[in-house]
Amino acid sequence: MVGKIKAFWNKPSHVAYLFVMPVVLLLIVFRILPMIAAFVCSFFDMDMFLVGKGFVGFDNFAEAFRDKRLWNGLWVTLKFTMVEVPLQMLIGLALAGLLTKNRLRNRFFRAVYFMPIVCSATAVAIMWRMFLHSNVGMMTYWLECIGIKGVNFLNTPGLTFYVIVFMSVWRSFGISTVIFLSAMQNVPRELYESAELDGCSKIRQFFSITLPLIKETIAFVLITRLIGSLQIFDLVLTTTEGGPNYSTETLVYYTYVRAFSNNRMGYGSAVSMFLFAIILVITVVFYARLYREEK
């Protein structure tokens, strides 16, 4: 019996499951099970201690459809995604194109650009909140030195939203840059040499050779950044808490407010299902289209 077990696990195709198992268990415990629990809770009227009126069916979803703050949070989330994702991808592509050559200077800048992503979003938000503080912030002091007074970056409707976008781009563009850079370095150098012999400029090479050959990488970064932007939460929680006038209240933050601040776990779970449905539809449509193009 022992010999059969050893023979079974000695096969590479079988022993691979042992290496994958820890990740699968973490995925089940921290992703799949909470998602199922949230779906079940959405049909109940309960607080964070799982105490309440009990099963209410689709009442939470019906209430959510009538909730103006939910639709405001959805609009803020979509607007944030539409601004943040293109900015981050354009910056990542541009920097990756400039840092392709493996020089000492380029390696230094790669490390510098990647550094913010290894910091927690909470730490990044606290740093920028202190830097942009209306009373003691360094940026406010610099603006006052040149005669610009009264700028409140974190409490001005119309401005605060773009400050959050800037923080998110500043923190995350490094990972996009590194992924694009890795893809660009795998493009055969012979293609660039042939293009140079034909008199193509660097910009023409970038658009005619680089971009078409890293199309799959661009698609991967696009979908991952879309999902990440739709789930923006920690920067908002640490800096603005959804203000001013709910102008930065994203759907995830509104879910948090309903579930924990208002102590309505069932309704908060129902709100979270809206975001889950949006991400699911975007992911399925995106990969279905990508699969058709590959076929």
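Author: Here is a short walk through the cores, the aromatic pairs and the cavity. Keep in mind that this is a predicted model.

Reader: Start with the core. Which residues in the largest nonpolar core touch the most other members?

Author: Phe80, Leu132, Val163, Met167 and Leu235 do. That core has 23 residues.

Reader: Which helices each supply at least two residues of it?

Author: They are α4 (68-98), α6 (121-131), α8 (160-185), α12 (234-239) and α13 (251-261). The largest share comes from α8, with seven residues.

Reader: Take valine 163. What is it in contact with, leaving aside neighbours within four places in sequence?

Author: Valine 163 is in contact with Leu132, Phe153 and Leu154. There is also a second, separate core of 17 residues. Phe61, Ala64, Tyr254 and Phe274 are among its members.

Reader: Switching to rings. How many aromatic pairs does the structure hold?

Author: The structure holds 22. One of them joins phenylalanine 131 and tryptophan 142. The centres are 5.6 Å apart, with 80° between the planes. That pair is edge-to-face.

Reader: Where do those two sit in the chain?

Author: Phenylalanine 131 is in helix α6, and tryptophan 142 is in helix α7 (residues 138-145). They are eleven residues apart.

Reader: Which residues do ring pairs link into a cluster?

Author: Trp128, Phe131, Trp142, Phe166 and Trp170.

Reader: Back to phenylalanine 161. What lies over its face?

Author: Lysine 79 does, at 4.4 Å from the ring centre.

Reader: Last topic, voids. How many cavities of 30 Å³ or more?

Author: The count comes to one. The largest cavity holds about 30 Å³ of space.

Reader: Which residues line it?

Author: The lining of the largest cavity is Val76, Phe80, Phe161, Ile164, Ile232, Val236, Thr248 and Thr250. The elements giving two or more residues to that lining are α4 and α8.

Note on methods: Residues are numbered from 1 along each chain as its sequence is written. This is a predicted model: local features need pLDDT of at least 70, side-chain atom pairs count only at pLDDT 80 or more; totals for chains, interfaces and linings use all residues. Side-chain values use heavy atoms; hydrogens and water are left out. A nonpolar core is a set of buried Ala, Val, Leu, Ile, Met, Phe, Trp, Tyr and Cys residues joined through side-chain atoms within 4.5 Å. Buried means under 20% relative accessible area, exposed over 50%, partly exposed in between (1.4 Å probe, protein chains only). Helices (H or I, at least four residues) and strands (E, at least two) are DSSP runs, numbered from the N terminus. Contact means heavy atoms within 4.5 Å. Rings of Phe, Tyr and Trp (its six-membered ring) pair if their centres lie within 6.5 Å; planes under 30 degrees apart count as stacked, over 60 as edge-to-face and the rest as tilted. A charge sits over a ring if NZ of Lys or CZ of Arg is within 6 Å of the ring centre and within 35 degrees of the ring normal. On a 1 Å grid over the protein atoms alone, a cavity is a set of points where a 1.4 Å probe fits but cannot get out, and a pocket is an open set with protein on both sides within 12 Å along at least five of seven lines; lining residues have an atom within 4 Å of a point. Grid points are joined across faces, edges and corners, and a volume is the space filled by probe spheres set on the points.
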